[in-house]
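Subject: Structure handover

Hello,

Here is the structure you are taking over, followed by notes on what was found in it. Please keep the model open while you read.

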Amino acid sequence: MTARTESAVRLVILLAIGTMAGAAAFTHVHDLSVAHGQPHWIGWANAVAVELMAIYLGLELRARRRAGRPVGLVGSLLVAFALLSLAAQVAGAEPSVWGWIVAAVPSLAFLALVKVVLSNAPVTAPAVEPHQPIAHRTEQPGPAPDVEPVRVTEPAAPAVPVPPAVPAPAVVLPPRAVQPNRPHVVGIIR
């Protein structure tokens, strides 16, 4: 099988699973909303909000990781919406272990599909680093050459004295006293 054929088969499988699992998950959330007194259009709005929010949060999480930004809130919201979707699936199930497992399959498949698709990052070639100098040498350094020490001489004093840049104040004023019965508020005149 060629790479192109394999990609086409993967796309068809992805679309089939996404369509069926998404439809089942949307329907479960819609039916649960309607069963608890919401009009039909609000049931569909709830389904869209719950299911698509999980997809959006997965995309946002991926973008934040690439940018090096914090992902705590987005990750927490993703878990919350995934659990909300899963709870909607299980709430309408037959009250048995197998009933709950079978009811959870669409939501889990939909979330797994989103995770697999979003974690499939394109492969990029590593950045070419410029030539870095070697941090250590393997050669032993030779003896240091005889060097005559340099004599440091004191600079000559300037011929004309330089006046100080800021003159000292002639009189130092005491700090302003605040009356004890009156609060000190800066910028407001009382």
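Helix axes below are lines fitted to C-alpha atoms over the stretch in contact, and the angles between N-to-C directions run from 0 to 180 degrees. This is a predicted model, in which local features need pLDDT of at least 70 and side-chain atom pairs count only at pLDDT 80 or more, while totals for chains, interfaces and linings use all residues. Residues are numbered from 1 along each chain as its sequence is written, and side-chain values use heavy atoms, with hydrogens and water left out.

Overall make-up

The protein has four helices and zero strands (DSSP runs numbered from the N terminus: H or I of at least four residues for helices, E of at least two for strands). Of its 190 residues, 17% are buried (under 20% relative accessible area with a 1.4 Å probe and protein chains only; over 50% is exposed, and in between is partly exposed). Taking contacts (heavy atoms within 4.5 Å) between residues at least 6 apart in sequence, 50% join residues at least 24 apart.

The α1/α2 pair

Helix α1 covers residues 3-35 and helix α2 covers residues 40-67; their axes come within 8 Å and cross at roughly 135°. The two helices are therefore oblique to each other (under 35 degrees is roughly parallel, over 145 roughly antiparallel, 65 to 115 roughly perpendicular, and the rest oblique). On the α1 side, the residues that meet α2 are A25, F26, T27, V29, H30, S33 and V34. Their partners in α2 are H40, G43, W44, N46, A47, V48, V50, E51 and L52. This contact has nine nonpolar, six polar and one charged residue (Ala, Val, Leu, Ile, Met, Phe, Trp, Tyr, Cys and Pro are nonpolar; Asp, Glu, Lys and Arg are charged; the others, Gly among them, are polar).

The core

F26, V29, A47, V50 and A88 form the largest nonpolar core (buried Ala, Val, Leu, Ile, Met, Phe, Trp, Tyr and Cys residues joined through side-chain atoms within 4.5 Å). Two or more of these residues come from each of α1 and α2. A47, in helix α2, counts as buried because its relative accessibility is 0%. Neighbours within four places in sequence aside, A47 is in contact with F26, V29, H30 and L52. A47 and A88 lie 41 residues apart in sequence, with 9.6 Å between their C-alpha atoms.

Regards
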